[in-house]
Amino acid sequence: NYPAEAKGVYLDRAIYFAVQDGSVHRLREDGKPLSLESADARILSFGASLAGPLQGSGDTLYAGLSNGDLVAWRVAFPLRKVWSVTFRTGVVRSPVVLGDNRVYAGVESASGEMYALDAATGREVWQRKLLPGPVSGPMVLIDEELVVPAGNDVVALSAADGSVRWSTTLAGRVIGLAARGRSFTASTASGQIYCFRLGDRP
């Protein structure tokens with residue numbers, strides 16, 4: 001049995017999940033440990049508790065930690081840490097977005113910093129502050145635009161360089177985005193749902 005807060009990722013016919021203490025476990029598709037010699041499915045510890053959900057792509061896991069680190073671990077043999085980046089102003093609580101060989105991460109801070117990092121090295125590609133609000137929920141990547149909830153605002157950034165394409169203010173704190181094709185919805189803490197289509201300015 002595992003705690004209810006476990007966050008799962010499916011990679012290469014295995015299930016990886018992290019629990020709040022920062023340990024990562026690996027199971028087969030049938031829910032059993034990959035190793036038949038041991039019932040313990042734990043494969044690594046991040047060394048700090050998770051701030052946000054575990055994400056994965058290819059053979060790499062990404063996690064935002066409570067100490068301000070964003071880490072990338074390669075789970076293909078041999079298991080190893082690929083890179084780690086420390087953010088001094090806050091933690092990465094919202095899920096990172098993966099695309100175009102980059103990791104897009106929003107830092108939960110007063111100024112709402114957004115970062116694009118090279119997925120292979122963790123090197124910073126660009127940074128953007130999203131005043132007046134912090135990153136307040138999951139982001140979506142649609143074509144060349146990264147759409148970010150920032151307090152009561154929805155902000156669309158260029159995925160290439162972080163420049164602001166457009167922004168709009170909603171009647172309530174934006175807590176989630178969901179995309180389908182070039183359309184997306186934004187939900188607020190006050191219960192409203194807004195629908196947008198890229199190409200049509202809100």
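Visitor: In which strand does Val-174 lie?

Guide: Val-174 lies in strand E17, which covers residues 174-180, a strand being a DSSP run of E over at least two residues, numbered from the N terminus, while a helix is a run of H or I over at least four. This is a predicted model, in which local features need pLDDT of at least 70 and side-chain atom pairs count only at pLDDT 80 or more, whereas totals for chains, interfaces and linings use all residues. Residues are numbered from 1 along each chain as its sequence is written, and side-chain values use heavy atoms, with hydrogens and water left out.

Visitor: Why is Val-174 called buried?

Guide: Buried means under 20% relative accessible area, exposed means over 50%, and partly exposed is in between, with a 1.4 Å probe and protein chains only. Val-174 has a relative accessible area of 0%, so it is buried. Across the chain, buried residues make up 48% of the 202 residues.

Visitor: Which residues is Val-174 in contact with, leaving aside its neighbours within four places in sequence?

Guide: Contact means heavy atoms within 4.5 Å, and the partners of Val-174 include Ser-136, Gly-137, Pro-149, Asp-153, Ala-186 and Thr-188. Pro-138, for its part, is 36 residues from Val-174 in sequence and 9.5 Å from it in space, C-alpha to C-alpha.

Visitor: What makes a group of residues a nonpolar core, and which members of the largest one touch the most others?

Guide: Such a core is a set of buried Ala, Val, Leu, Ile, Met, Phe, Trp, Tyr and Cys residues joined through side-chain atoms within 4.5 Å. The largest one here has 17 residues, and Phe-46, Leu-54, Leu-61 and Leu-65 touch the most other members. Strands E1 (7-11), E2 (14-18), E6 and E7 (69-74) each give two or more residues to this core, and E2 provides the largest share, three residues.

Visitor: How many helices and strands does the chain have?

Guide: The secondary structure comes to zero helices and 19 strands. Of the contacts in the chain with a separation of 6 or more, 32% join residues 24 or more positions apart.

Visitor: How do you know what confidence the predictor has in the chain?

Guide: The value to read is pLDDT, the predictor's confidence in each residue, from 0 to 100. The chain averages 86, and 90% of the residues score at least 70. Over residues 1-5, however, the pLDDT is below 50, and this stretch has seven contacts in the model beyond near neighbours in sequence.
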